[in-house]
Amino acid sequence: MNTAGLLKSRIVDPIVEQLTQGLSVERIAMTIAVGLCLAVIPVIGVTTILCFLAAWALRLNQPIIQLINWSSAALQLLLIIPFIRLGEAIFRAPRMTRSLEELVATAKADPVGTMAKLGETLGHAVVAWLAAAPLIIAAVYFAARPLLSALARRVATARPGDIHDVA
């Protein structure tokens with residue numbers, strides 16, 4: 001299957017399925033926004049439980065939030081260093097000199113030891129992520145809403161009567 005077909009079957013089709021089951025565009029957009037924000041937290045290994053808890057607490061869609069989370073693993077890795085750098089700037093901390101590859105290798109070899117050695121750096125990165133989180137959620141939510149509304153209208157014209165609560 002080509003990339004476009006894979007994206008359609010793994011991402012677009014589940015969203016369309018939820019749109020045809022009565023979820024509002026706003027709830028789906030919020031699910032995507034919260035899921036993406038939690039998926040990029042600069043701490044590896046916690047996103048699935050965080051997404052589960054957020055979806056449960058906020059009554060968001062579990063399958064969609066986990067789909068967004070799992071499909072964003074590469075983005076999480078790409079954003080670890082920028083969050084570390086932002087945390088260093090916020091706290092005026094010395095610059096960490098390890099590369100992402102070194103961090104991943106160290107974490108795989110000794111996860112507990114890595115957390116102990118890099119605890120302060122990761123703490124700074126998490127604070128940076130917390131500062132960015134409202135911006136991430138707002139940007140993704142407001143970008144997703146019109147796209148989801150257009151998708152909902154398209155699905156509604158294809159299947160009249162199937163879409164509910166479309167804004």
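In the predicted model, the side chain of arginine 27 reaches the backbone oxygen of arginine 59 at 2.9 Å, a polar contact (a pair of N or O atoms within 3.5 Å, where within protein one must be able to donate a hydrogen and the other to accept it, and residues adjacent in sequence count only if both atoms are side-chain atoms). Local features need pLDDT of at least 70 and side-chain atom pairs count only at pLDDT 80 or more, while totals for chains, interfaces and linings use all residues. Residues are numbered from 1 along each chain as its sequence is written, and side-chain values use heavy atoms, with hydrogens and water left out.

Arginine 27 also touches Leu58, Arg59 and Leu60, leaving aside residues up to four places away in sequence; contact here means heavy atoms within 4.5 Å. With a relative accessible area of 34%, arginine 27 is partly exposed, a class lying between buried (under 20%) and exposed (over 50%), with a 1.4 Å probe and protein chains only.

Arginine 27 sits in helix 2 (residues 25–39); helices are DSSP runs of H or I with at least four residues, numbered from the N terminus. Among the buried residues are Val25, Ile28 and Ala29.

Turning to its packing, helix 2 meets helix 4 (residues 62–70) at an angle of about 35°, with the axes 8 Å apart. Axes are lines fitted to C-alpha atoms over the stretch in contact, and angles run from 0 to 180 degrees between N-to-C directions. Residues making this contact include Ile32 of helix 2 and Ile68 of helix 4.

Terms used. Helices (H or I, at least four residues) and strands (E, at least two) are DSSP runs, numbered from the N terminus.
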